[in-house]
Amino acid sequence: MNTNEGSLLRGSICENQFRLFAADTTAIVQFLRDTHDLYPLPSIMMGRVFTAAALMSGELKAPNSEIAIRVDAEGALKGGIAIATKEGNLRGYAFEPQLWLEDPKENLLVGKNLGKGTLTVIKQSGLKSPYQGNIALVDGEIASDLANYYMQSEQTPSLINLGVLIDPNAKIRAAGGILIQELPNADLKISCQIQANLAKTPNVSDLMDMGLSLTDILNKFLLKDLDWEISKTSPLALSCDCSKERFAGGLRLLGVEELSQLQDGIEPVCHYCNKSYSFSGEEISELIRSLKP
Ligand SMILES: [Zn+2]
């Protein structure tokens, strides 16, 4: 398996009364941690936000469409952004990647260190103008915030379990999540049963760390004794679509006056993948020439 690869499962429960998405993002969160040198608390938060974006990308239909989740908070952890494309490519970054709190126990508490804030979901589908939904954080643990987003903004009752398990050496032992969405024809009794199962299910990353696959977790815990099926499994990967041309486009937007201040050259760095692009003084002059009529 590629070192930067995960998987997304899509399925249905009880003959399409519920939609099911499940993701294994262990390798992706590890790669994200290594690329951005994320400390434990930002790793756990970003792992959850990335997994949530991966799960939500399962509902995208148009080619090149993408979904972004952005968390903005007042606490020391501040938040972060994750974007997932329909094709399963993920990118994003934490706003406070090297946050370390003195009390070791604090470095596991995502919600407490995000504090008050908002969760924003932006869906971009083809040429249509983007859809945006925004809610106040419920507890900042991301799973309950996302469930609240679905309820408030899309009127879709959703059950979510997100988990990131990290060891003291910053190794991601397991990361993953499950999203179950109730459809309008859902039987209330089955819905209550899945809710009760969710309440009794340990964190998905703890179960994965014990060697259980996502299918095992669904069979033994969340969807025990229920009729369900997986209709599609597709890969997930951490991947950025940045390029020198794209950065050149961004530089052109600065205009002649600002570009003239950069005649010594500039080395912008991509927030998403940390790749740097070098523009020499000569290349800046070329950009200025291309802007002059
Ligand atoms: Zn990039």
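Predicted model: local features only at pLDDT ≥ 70, side-chain atom pairs only at ≥ 80, totals over all residues.
View 1. As background, the strands of a sheet pair through backbone hydrogen bonds, and the pairing may be either parallel or antiparallel. Helix α5, which covers residues 188-200, packs on the sheet and touches both β8 and β9, while its direction makes about 20 degrees with that of β8.

**View 2. The open sheet of ten strands.** Reading across the sheet, the strands follow the order β7-β6-β3-β4-β5-β10-β1-β2-β9-β8, and the pairing is mixed. The edge strands are β7 and β8 (158-166), each of which pairs on one side only. When direction is ignored, neighbouring strands of this sheet are turned by 15 degrees against each other on average.

View 3. T118, by contrast, is 59 residues from G177 in sequence and 21 Å from it in space, C-alpha to C-alpha.

**View 4. The largest nonpolar core and F50.** The largest nonpolar core has 72 residues, and those with the most contacts inside it are V49, F50, A53 and L90. Helix α2, which covers residues 40-57, gives the most to this core, with eleven residues. Which residues is F50 in contact with, once its neighbours within four places in sequence are left aside? The contacts of F50 are T25, I28, V29, L32, A82, L90 and G92.

**View 5. R10 in strand β1.** R10 has its place in strand β1, which covers residues 5-13. R10 counts as partly exposed because 17 other C-beta atoms lie within 10 Å, a number that falls between the limit of 12 or fewer for exposed residues and that of 20 or more for buried ones. Apart from neighbours within four places in sequence, R10 is in contact with F21, G58, S231 and K232. Between R10 and F31, which are 21 residues apart in sequence, the distance in space is 24 Å from C-alpha to C-alpha.

**View 6. Two residues with a positive phi.** Most residues other than glycine have a negative phi. E15, although it is not a glycine, has a positive phi of about 50 degrees, and its place is in the loop between β1 and β2. I142 also has a positive phi without being a glycine, with a value near 75 degrees, and this residue lies in the loop between β7 and α4 (143-154).

**View 7. L127 in a loop between two strands.** L127 is found in the loop between β6 (117-124) and β7 (131-136). Why does L127 count as exposed? The reason is that L127 has 7 C-beta neighbours inside 10 Å, and a residue with 12 or fewer is classed as exposed. N64 is 63 residues from L127 along the chain, and the C-alpha atoms of these two residues are separated by 9.8 Å.

**View 8. The contact between the two domains.** The protein is divided into domain 1 (5-238) and domain 2 (244-291), and the C-alpha centres of these domains lie 36 Å apart. Five residues from domain 1 and four residues from domain 2 take part in the contact. On the side of domain 1 that touches domain 2, α1 (26-36) and β5 (89-94) each supply at least two residues, and β5 gives the most, with three residues. The residues on this side of domain 1 divide into one nonpolar, three polar and one charged.

Methods
Residues numbered from 1 in each chain as written. Core = buried A, V, L, I, M, F, W, Y, C linked by C-beta atoms within 7 Å. Helix = DSSP H or I, 4+ residues; strand = E, 2+ residues; numbered from the N terminus. Contact = placed C-beta atoms within 7 Å. Domains from an automatic or database assignment. Nonpolar A, V, L, I, M, F, W, Y, C, P; charged D, E, K, R; others polar. Pairing = 2+ DSSP bridges. Axes fitted to C-alpha atoms, helices over the stretch in contact; angles between N-to-C directions.
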